[in-house]
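Hi everyone, thanks for making time this morning. I'd like to walk you through a structure, so let me put it up on the screen.

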Amino acid sequence: MQASVIVFPGSNCDRDVAVCIEAAMGKAPLMAWHGDSDLPKSDLIVLPGGFSYGDYLRCGSMAANSPIMREVVAQAKKGAAVLGICNGFQVLTECGLLPGVLMQNKGLNFVCRNTRLTVTNNKTAFTAQYKAGEEITVPVAHNEGNYFADDDTLKRLQDDDCIAFTYAAGDNPNGACLDIAGICDPSGRIVGMMPHPERRAEAALGGEDGKRMFSGIVEALS
Amino acid sequence: MKATIHITLKNGVLDPQGKAIENALGQLGFGGVDEVRQGKLIEVNLSESDPQKAEAALTDMCEKLLANTVIENYQIHLDGEA
């Protein structure tokens with residue numbers, strides 16, 4: 001199994017994610033630079049959190065148009081599993097692999113705290129090790145995490161079971177439509193989420209609720 | 001040729017920054033402000049001198065990068081236009 005982590009100028013969760021993947025897979029992932037136009041064939045591609053290109057223009061918009069993303073989109077369309085976390089989720093919406101957009105938080109504040117999440121869909125390639133409806137705790141750290149899409153798109157997400165995670169009742173940190181914390185494509189192979197599973201993947205970090213995202217995808221792809 | 005592009009949030013899309021500005025104007029004592037919406041203004045200098053070709057190129061730029069049409073509208077103004 002080949003895993004790759006894409007590194008943009010301004011990414012800051014790339015090494016944390018790499019540690020989680022290595023722990024789950026037993027092998028370090030390839031770290032791929034944004035300016036590369038070649039990406040070795042990858043079974044798993046992770047777009048990490050951070051502030052790619054300084055969040056210029058719109059969060060994720062410059063990264064979505066970087067040379068490496070043409071490769072990521074091409075491989076995603078051929079069946080690679082893709083996980084976008086936080087800024088990575090913003091990149092996935094900007095490049096069109098996932099619908100909607102992450103807008104500025106409703107309260108205008110950067111929110112950095114643990115959130116309680118409900119695993120709404122445990123049939124994605126990443127969430128099979130969670131129970132359906134399980135409540136987990138994973139931290140968020142973002143200023144633009146307010147998921148927005150038009151009513152038709154929201155209905156389609158619900159009908160196609162494409163809402164992967166929601167914030168538990170009363171714990172929506174950003175005003176996201178339908179309390180959406182993470183979504184997937186209809187195949188369940190492409191997942192984007194605002195919370196950071198890599199920041200809660202070891203007991204030393206306060207909990208291990210995020211770890212099963214990584215062990216789950218490795219199990220699914222092995 | 002110089003172009004100015006106005007990017008604004010679509011109607012119905014929440015604009016928390018606009019709302020904060022609106023509240024601040026109220027606190028400063030400015031009455032009669034019904035609503036504030038915040039957007040972006042982008043200036044582009046083009047080597048193209050044909051207005052039609054310039055507009056077509058700018059539209060493509062807006063669709064591909066400058067605006068996110070899920071939540072934003074854009075208006076292109078070429079220099080010299082009213």
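**Two chains, one at a time**

Let me begin with chain B, where buried residues make up 13% of the 82 residues. Please keep in mind throughout that this is a predicted model.

So what does chain B look like in outline? It has 2 helices and 3 strands, and if you read along the sequence they follow the pattern β-α-β-α-β. The C-alpha atoms of chain B fill a box of roughly 45 × 25 × 15 Å along the principal axes. The radius of gyration of chain B is 16 Å, whereas a compact globule of 82 residues would have one near 12 Å. As for contacts within chain B, take those between residues at least 6 apart in sequence: 65% of them join residues at least 24 apart.

Now, how many residues of chain B are in contact with chain A? The count is 9 residues of chain B, and they meet 11 residues of chain A. On the chain B side, the largest share comes from helix 1, residues 16-27, which supplies 3 residues. By class, that side of chain B has 7 nonpolar residues and 2 polar ones, with no charged residues.

Let's move over to chain A and its helix 1, residues 14-25. This helix has 12 residues and reaches 16 Å from its first C-alpha to its last, close to the 16 Å expected at 1.5 Å a residue. Which residues of helix 1 of chain A are buried? They are A:Asp14, A:Val17, A:Ala18, A:Cys20, A:Ile21, A:Ala24 and A:Met25. These residues cover an arc of only 165° around the axis, so they sit on the same side of helix 1 of chain A.

And what covers those buried residues?

Terms used:
Residues numbered from 1 in each chain as written. Chains lettered and ligands numbered in written order. Predicted model: local features only at pLDDT ≥ 70, side-chain atom pairs only at ≥ 80, totals over all residues. Contact = placed C-beta atoms within 7 Å. Helix = DSSP H or I, 4+ residues; strand = E, 2+ residues; numbered from the N terminus. Nonpolar A, V, L, I, M, F, W, Y, C, P; charged D, E, K, R; others polar. Rg over C-alpha atoms; globule rule 2.2 N^0.38 Å. Buried ≥ 20, exposed ≤ 12 C-beta atoms within 10 Å, placed from the backbone. Expected span 1.5 Å × (residues − 1). Arc of directions from axis to C-beta.
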